[in-house]
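Please keep the model in view while reading.

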Amino acid sequence: LNIKSITFHPKFSSSILAVTGNGIYRTDHSGQDWYSFNDGNTDTMTNAAAFLTPQPSYILAGTADGVISFDNSLPDLVITELTGPTSAKTLENIFVSSTVATLGGGFAGSWSYYDRVEVNFYLSIDTNKSSDDALIGTRIFDSLPIGGSKAATTFASIPTGVRNGIYYIIGVVSTYGHITESNTSNNTFVGNQIQIGNQSPTANAGPDQTVSCAGSNGAAVTLD
């Protein structure tokens with residue numbers, strides 16, 4: 001794509017607008033995923049775009065037909081950071097760290113807090129959230145300031161039935177319909193990979209080596 005300009009959210013640098021020859025694209029996860037952000041605008045001859053500051057209630061775009069605006073005044077919840085351990089075993093307790101932010105302008109009038117923002121964490125064999133992903137933990141925020149963010153460390157557990165292998169830790173932020181968001185396509189965030197189960201022991205070529213193997217009752221095995 002022919003990228004004409006790039007602009008960052010005034011508070012959260014993980015949210016980026018890229019103006020291209022095919023219109024505006026947006027990411028809210030530091031480029032992890034991009035989606036078209038034209039909001040019905042069919043004029044792809046856009047030259048520049050920017051978040052209105054200091055409160056990004058609107059996004060402005062300069063096109064061949066003049067300046068147009070996109071309403072960004074509703075709440076827009078995203079996960080900006082998500083990390084967990086790189087290995088664990090079934091039924092083991094782990095801790096997952098995450099940060100949730102509100103990118104939109106938020107409520108008008110007297111409303112100043114979101115009610116019951118919930119983040120669920122899953123194990124997935126790929127980077128796509130699906131119904132068969134294993135739920136490992138939940139974080140509930142009773143209040144989240146408009147235009148702000150909150151970080152938390154969540155207690156999680158690897159459930160029985162999860163097979164040994166490599167998974168992705170995925171977070172999904174949701175309000176379960178309590179709040180109307182301006183954008184729900186950015187509610188999922190893919191974190192790091194995690195190895196579930198014991199890794200197979202490996203040995204380098206060379207002299208005899210002794211390794212401990214799980215399930216061998218502590219016996220030593222010599223490899224030639």
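Of the 224 residues in this chain, 42% count as buried. The model is a predicted one. The accessible surface of the chain amounts to about 11,900 Å², and carbon and sulfur atoms account for 50% of that area. The chain contains 17 strands and zero helices. Among contacts between residues at least 6 apart in sequence, 59% join residues at least 24 apart.

One part of the chain can now be followed strand by strand. Strands E5, E6 and E7 form an open sheet, in the order E5-E6-E7, with antiparallel pairing. E5 and E7 stand at the edges and each has a single partner strand, so one side of each lacks a neighbour in the sheet. From one strand to the next, the twist averages 20 degrees.

The pairings can be taken one at a time. Strands of a sheet pair through backbone hydrogen bonds, in either a parallel or an antiparallel way. Strand E5 covers residues 46–51 and is joined to E6 by five bridges, the two strands running antiparallel. Within this pairing, Ala-49 has Ala-61 in E6 as its bridge partner. On to the next pair: strand E7, residues 66–71, is joined to E6 by six bridges, and these two strands also run antiparallel. Here Gly-62 has Val-67 in E7 as its bridge partner, and Thr-63 stands opposite Gly-66 in E7. E6 and E7 form a hairpin, with two residues between them.

Strand E6 itself spans residues 58–63, and its two faces can be told apart. In a regular strand, side chains alternate between the two faces of the sheet. Which residues of E6 lie on the covered face, and which on the uncovered one? The covered face has Ile-59, Ala-61 and Thr-63, while Tyr-58, Leu-60 and Gly-62 belong to the uncovered face.

Together with Leu-52 and Val-67, Tyr-58 and Leu-60 make a nonpolar surface patch of about 350 Å². Tyr-58, which has its place in strand E6, is partly exposed, with a relative accessible area of 35%. That value lies between the cut-offs of 20% for buried and 50% for exposed.

Conventions:
Residues are numbered from 1 along each chain as its sequence is written. This is a predicted model: local features need pLDDT of at least 70, side-chain atom pairs count only at pLDDT 80 or more; totals for chains, interfaces and linings use all residues. Side-chain values use heavy atoms; hydrogens and water are left out. Buried means under 20% relative accessible area, exposed over 50%, partly exposed in between (1.4 Å probe, protein chains only). Helices (H or I, at least four residues) and strands (E, at least two) are DSSP runs, numbered from the N terminus. Two strands pair if DSSP finds at least two bridges between them. Axes are lines fitted to C-alpha atoms, for helices over the stretch in contact, and angles run from 0 to 180 degrees between N-to-C directions. Patches are made of residues with over 30% relative accessible area and no salt bridge: like charges are joined within 9 Å, nonpolar side chains (Val, Leu, Ile, Met, Phe, Trp, Tyr) within 5 Å. Accessible areas come from the Shrake-Rupley method with a 1.4 Å probe; for residues, only the protein chains shown count as cover. A salt bridge is a side-chain nitrogen of Lys or Arg within 4 Å of a carboxyl oxygen of Asp or Glu. Contact means heavy atoms within 4.5 Å.
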